Amino acid sequence: MFLENNIDKAGRTGWIEVVTGSMFSGKTEELIRRIRRAEIAQQKIAIFKPKIDKRYSEKDVVSHDSKTIPSIPVTEAKEILEHIKDIEVIGIDEAQFFENDLPEICNYLANNGKRVIIAALDMDFTGKPFGPVPQLLAIAEYVTKVHAICMKCGNLAHYSHRLSDVQKLVILGEKDIYEPLCRECYKKSKLDKKKEPELFS
Ligand code: ZN
């Protein structure tokens, strides 16, 4: 389990933490757990999320187990800078949906004494690294990979397999659209999909 470093009260040092994994891996739950502990430690917190994610609630960060925490929806990462006066701990949920300037902004925040905790999908539904996440993983002091359970075999899952054939990169959805799969089952499902046209020809 991740144990947090101590915030330097003189505000000299911050750092970046990334919690990443597939859908249903508990990323947001872990972000909320860390933010709650910072609150218990009487640190000032703020959580941001991209406006694109309207699955549950415009203002709250909600994890799949329905824990909520108020958040500030922003269109662009740089808007975060307008809300951080006096804030010591900054949470960023669904960070994969931000543009490529997010790593630079996180570095700026950490360099200015903020603890930045990021939750993000590591890969899109095609298995490719998602948006700014590879850069965030590279610059973070602490990276935690969390895993879901494969819906086909029960092993650890780290792919978010899309159940429909739509190719658009961003489709917000839940278990009706995505299922977590392990490498073996993901590979098999891709092969099965490739075979399908032959079956019907
Ligand atoms: Zn599996």
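Predicted model: local features only at pLDDT ≥ 70, side-chain atom pairs only at ≥ 80, totals over all residues.

Modeller: Residues are numbered from 1 along each chain as its sequence is written, and side-chain values use heavy atoms, with hydrogens and water left out.

Colleague: Which residues coordinate the zinc ion?

Modeller: Donors are N, O and S atoms within 2.8 Å of the metal (3.2 Å for Na, K and Ca), and since water is not among the atoms, sites may look incomplete. In sequence the donor residues here follow the spacing C-x2-C-x28-C-x2-C. Through their SG atoms, at 2.3 to 2.4 Å, the zinc ion is coordinated by C150, C153, C182 and C185.

Colleague: What arrangement do the four donor atoms make around the zinc ion?

Modeller: Four donors count as tetrahedral if all angles lie between 85 and 135 degrees. Because the four donor atoms around the zinc ion subtend angles of 101 to 117°, the arrangement is tetrahedral.

Colleague: Is C182 buried or exposed?

Modeller: Buried means under 20% relative accessible area, exposed over 50%, and partly exposed in between (1.4 Å probe, protein chains only). C185, another of the zinc donors, has a relative accessible area of 14% and is buried. The relative accessibility of C182 is 7%, so C182 counts as buried.

Colleague: Which residue does E4 meet in a salt bridge?

Modeller: A salt bridge is a side-chain nitrogen of Lys or Arg within 4 Å of a carboxyl oxygen of Asp or Glu, and the structure holds eleven of them. One of these pairs E4 with R37, at 2.9 Å from N to O. The pair links distant parts of the chain, 33 residues apart, with E4 in the segment before β1 (15–21) and, in helix α1 (residues 27–40), R37.

Colleague: How far apart along helix α1 are E30 and R33?

Modeller: The side chains of E30 and R33 meet in a salt bridge of 3.0 Å, N to O. Being three residues apart in helix α1, they are separated by about one helical turn.

Colleague: Where do K187 and E184 lie?

Modeller: K187 forms a salt bridge with E184, with the closest N and O atoms 3.6 Å apart. K187, at 47% relative accessible area, is partly exposed, whereas E184, at 51%, is exposed. Three residues apart, about one turn of the helix, both lie in helix α4 (residues 183–200).

How values were computed. Tetrahedral: all angles 85-135°; square planar, octahedral: opposite > 155°, others 65-115°. Helix = DSSP H or I, 4+ residues; strand = E, 2+ residues; numbered from the N terminus.
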